[in-house]
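Have a look at the structure first.

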Amino acid sequence: RITSASAFRGQLKRHGTLYTIVVTRPLSQISRSNEAFIEPSDHHPGIKYLSLNRPQSKNALSMRLLKELQECLDSARNDKDLRVLIVRSTALGSFCAGADLVERRTMSLEQVSKFLSDLRTAFTSLENLTVPTISAIDGPALGGGLELALACDFRIAGQPNIAKIGLPETRLGIIPGAGGTQRAVRLLGISKAKELVFTGRLLTASEAEEIGLVDYVSEPGTLAIDRALKLAKEIASNSPLALKAAKQALSRAPELELEAGLDFERACYEPLLSSKDRVEALNAFKEKRAPVFKGE
C-alpha cells in the first residue's frame, strides 16, 4: 500500500509490501488554494499539468472546482507553448470521485441543471483542446471523474488491483450525465458500455485496461503519472503543428464517411507543407540531428 500523499512527481520506495514516497519537488511549489490549477512540468517545457486540488474530498466535483476547471481549460486553449496536458490529482490515492454528493444535497433543481450544463461544457472544452491530453488516474475515477477521463485522448491508471474505476450512477437512481453514455459507447462499443453503466460495476485498473477503458496501467511500484509523463514526452518531441492537425483529423474520423474523411485529412495536411517546422524536420534529417520544433 502507499502511505503518503502528495501532489507532485515523486519516487516510490518499497519496503516489503509497504510503499512510501520520496518527494522530488519542494512542497511550497505544490501548496495552492485553488481547487484546480495549471502548472508546468519539470520534464519538458511543453508538458503541463491540470491539477485537481480537493484532497479532502478526493476531488469530488464541486461548483467551485468546476468553475476553476473551466478557467484552466480556457487558459490552456490560449497557451501557445502547451504541447501536452496531463490531468492529475494533487493528492496520491485520488483522481476524481465524481460529483460532490454532500454539496448536491443542498442544491436546488435549477442549480443541479446548471451544474450539469456547465459540466458538459467543461468536458467538451477538454475534449476539444487542440493539444493531446492524458489523464493520470492514481486513485478512484468514479462517475463524473471517469467522465472527465473519457474526455481526454488517453487514460493511464495506477494501482492495478484496486477496484475504483466505473460509472456507478444507476446505483444512485440516475445515469451518467456528463457524457459518460456517449463517450463510453464511442470508446468501448455499445455492449461493453451498456454493461459498464447497467451494472454500475467498479473495475480495477487491470480490468479497465482489458476492456479498453484505460490505455495503460503503470508498472508495479510506479504511479500513473510516471507512465503519463513517459507518453507525454514521446508526444511532445514532435511538431506542435503536426500534432494539432493529426488530432483534428483523427477526432473527426468516426463521424465522417471515408471519402469525406480523406478530404478532411488532406485539408489538415495542406497547411503543414509551408510550415517552418516541416523545413526544420527535413533539414534535421539531412544533418542527422534531432529537429527543434517551434510550432511555426
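**What makes it count?**

Q: Why is Cys-96 called buried?
A: This is a predicted model, and in it Cys-96 has a relative accessible area of 0%.

Q: What makes Cys-152 count as buried or exposed?
A: Its relative accessibility is 5%. The limit for buried is under 20%, so Cys-152 counts as buried.

Q: How many disulfides does the structure hold?
A: It holds 0 disulfides. To count, two cysteine sulfur atoms would have to be within 2.5 Å.

Q: How do you know what span to expect for helix H1, and what does the model give?
A: H1 covers residues 63–77, which is 15 residues. At 1.5 Å a residue, they should span 21 Å. The end C-alpha atoms are 21 Å apart, so the two values agree.

Q: Which residues of H1 are buried, and what covers them?
A: Leu-65, Leu-66, Glu-68, Leu-69, Gln-70, Cys-72, Leu-73 and Ala-76 are buried. Their cover includes strands E3 (36–40), E4 (47–52) and E5 (84–89), along with helices H3 (109–127) and H4 (144–150).

Q: What makes the charged end of Arg-88 sit "over" the ring of Tyr-49?
A: The distance part of the test is within 6 Å of the ring centre, and the charged end of Arg-88 is 3.7 Å from the centre of the Tyr-49 ring. Arg-252 also sits over a ring, that of Phe-264, at 4.7 Å from its centre.

Methods
Residues numbered from 1 in each chain as written. Predicted model: local features only at pLDDT ≥ 70, side-chain atom pairs only at ≥ 80, totals over all residues. Heavy atoms only, no water. Helix = DSSP H or I, 4+ residues; strand = E, 2+ residues; numbered from the N terminus. Expected span 1.5 Å × (residues − 1). Buried < 20%, exposed > 50% of the residue type's maximum accessible area, 1.4 Å probe, protein only. Contact = heavy atoms within 4.5 Å. Lys NZ or Arg CZ within 6 Å of the ring centre and 35° of its normal.
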